[in-house]
Amino acid sequence: MTDAPPTKRKCLGADCDNDAGSLQCPKCLILGVKDSFFCSQECFKRNWNTHKTLHKQETSIFDRIFPPKAVSKPDPETGYYNPFPNFHFTGPLRPVYPLSPRREVPKTIPRPDYAEDGMPKLGRSMVRSNKVELLDAKAQAGMRKVCKLAREVLDIAAAAVRPGVTTDEIDEIVHKACIERNSYPSPLNYNHFPKSVCTSVNEVICHGIPDNRILLDGDIVNLDVTLYHEGYHGDLNETYYVGDKAKADPDTVRVTETARECLELAIKEVKPGTLFREFGNIIEKHAKAKNCSVIRTYVGHGINSIFHCPPNIPHYAKNKAVGECKPGMTFTIEPMIALGKYRDVTWPDNWTSTTVDGKKTAQFEHTLLVTETGVEILTARQANSPGGPVAVPTTEATTNGTN
């Protein structure tokens, strides 16, 4: 059963400007999605091929609402525990719970539409069109501002990376830095994500949830920061070495620097007329030359007043992405590169994505603006930004290498 849609609810059909009626997608009803109303049966059928692609994502969103049932007992001395004791982890990393309470954002700070209920009303979960927005001068200025702030926050968080620090402590640093800049941390409650930053360690590809695990000498950690400021999102991430042991391991450095180089090479080709599908060809060619693989599940994305929107930017070769770069577009490129196989496994938290073989993976991301003559890297590194390239050690490769 459905409730009648509220007054002036718009039809979900792509490019349909009609008000919605009481017709709702039956699959969405099963998934518990309450806002997928259409104006007519004909409009629903006409948009089915586009609309049905949302169901897989909405299933994941639905699952995230419910906590996993299998938990181990807290350690009597520390209170920490592994919430998924029966899960077959692919590598040595384990979650360390309990998570800290959700951090609060002052009500005076403007927030995106999902901040309260966790459900984005625009973008991929409720996409109305595959049209890529071209930003005017005012919107471009807004994107420059938020991306500059996002870079500041990432650099502050990166300066705290060292052995012995927990990823939850990094989350607190990011959260406070966002608040100080009158900005909302975009990941917080996006599709019910519980934290203000993604911290992805070692075999975690992306979407790692900050917890009480300490960073160890030899780890690598990706910090994925996004800010929402004055109506726009700015998104970037980098992978950092934890301690000297990480910088001394040839395979750890190889995968990290390959990911960095893949992004740099792809950005060089961003200009009007470049096809979106071409970036994946560039990235995979370089990754293979370094004996690494490219994760295929996750893509770069459009970003502006919406966190995730068209276009999709796949990072693997021979992809089917449609469209080309045009001046005024803002999107991310964010290749995820692995030492081993490209396939992924998701933890029972329905967020943390790891490599199927438990081998290390690294990622780098920039938000980009297509200009009349090329590209502007809105989240570019500053002269004093922590991190940066490291030369691959010349010693023998360790057992973490690819087969």
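A residue is called buried under 20% relative accessible area, exposed over 50% and partly exposed in between, with a 1.4 Å probe and protein chains only. The structure is a predicted model, in which local features need pLDDT of at least 70 and side-chain atom pairs count only at pLDDT 80 or more, while totals for chains, interfaces and linings use all residues. Residues are numbered from 1 along each chain as its sequence is written, and side-chain values use heavy atoms, with hydrogens and water left out. Helices (H or I, at least four residues) and strands (E, at least two) are DSSP runs numbered from the N terminus.

Ser 385 lies in the segment after strand 17 (375–377). Its relative accessibility is 7%, so Ser 385 is classed as buried. Contacts are defined by heavy atoms within 4.5 Å. When residues up to four places away in sequence are not counted, Ser 385 touches Arg 151 and Asp 155. With Asp 155 there is also a polar contact between the side chains, at 2.7 Å. A polar contact is a pair of N or O atoms within 3.5 Å; within protein, one must be able to donate a hydrogen and the other to accept it, and residues adjacent in sequence count only if both atoms are side-chain atoms.

An unreviewed UniProt entry lists Asp 235, His 301, Glu 334 and Glu 365 under "binding site". These residues are spread over 131 residues of sequence but cluster in space, the largest C-alpha distance being 10.7 Å. UniProt positions are given in the numbering used here, with feature names shortened, and such annotations may be inferred rather than shown by experiment.

Two of the listed residues, Glu 334 and Glu 365, are placed in loops. Glu 334 is found between strand 11 (330–333) and strand 12 (336–338), and Glu 365 between strand 15 (361–363) and strand 16 (366–370). Glu 334 has a relative accessible area of 7% and is therefore buried; Glu 365, at 0%, is buried as well. Beyond its neighbours within four places in sequence, Glu 334 is in contact with Asn 237, Val 299, Gly 300, His 301, His 315, Gln 363, Phe 364 and Glu 365. The side chains of Glu 334 and His 301 form a polar contact of 3.3 Å. With the neighbours within four places again left aside, the contacts of Glu 365 include Asp 224, Asp 235, His 301 and Glu 334.

Strand 4 (residues 198–201) and strand 6 (residues 220–229) run antiparallel and are joined by four bridges, where pairing requires at least two DSSP bridges between two strands. Cys 198 stands opposite Asp 224 of strand 6. In a regular strand the side chains alternate between the two faces of the sheet. In strand 4 both faces are covered, with Cys 198 and Ser 200 buried on one side and Thr 199 and Val 201 buried on the other.

Nine aromatic pairs are present. Rings of Phe, Tyr and Trp (its six-membered ring) pair if their centres lie within 6.5 Å, and planes under 30 degrees apart count as stacked, over 60 as edge-to-face and the rest as tilted. One of the pairs is Phe 84 with Tyr 97, edge-to-face at 6.0 Å centre to centre and 70 degrees between the planes. Both residues lie in the loop between helix 4 (54–64) and helix 5 (137–158), so this pair ties together parts 13 residues apart in sequence. Phe 84 and Tyr 97 are both buried. Another edge-to-face pair is Phe 193 with Trp 351, at 5.1 Å centre to centre and 85 degrees between the planes. This pair links distant parts of the chain, 158 residues apart: Phe 193 is in the loop between strand 3 (184–185) and strand 4, and Trp 351 in the loop between strand 13 (344–346) and strand 14 (353–355). Phe 193 and Trp 351 are both buried. Tyr 81, Phe 84 and Tyr 97 make up one aromatic cluster.

Backbone geometry was also examined. Tyr 97 is joined to Pro 98 by a cis peptide bond with omega of about 10 degrees. A cis bond also runs from Pro 310 to Pro 311, with omega near 10 degrees, and Pro 311 belongs to strand 10 (residues 309–313). Asn 202, in the loop between strand 4 and strand 5 (204–206), has a positive phi near 55 degrees although it is not a glycine. Asn 202 is buried, its relative accessible area being 9%.
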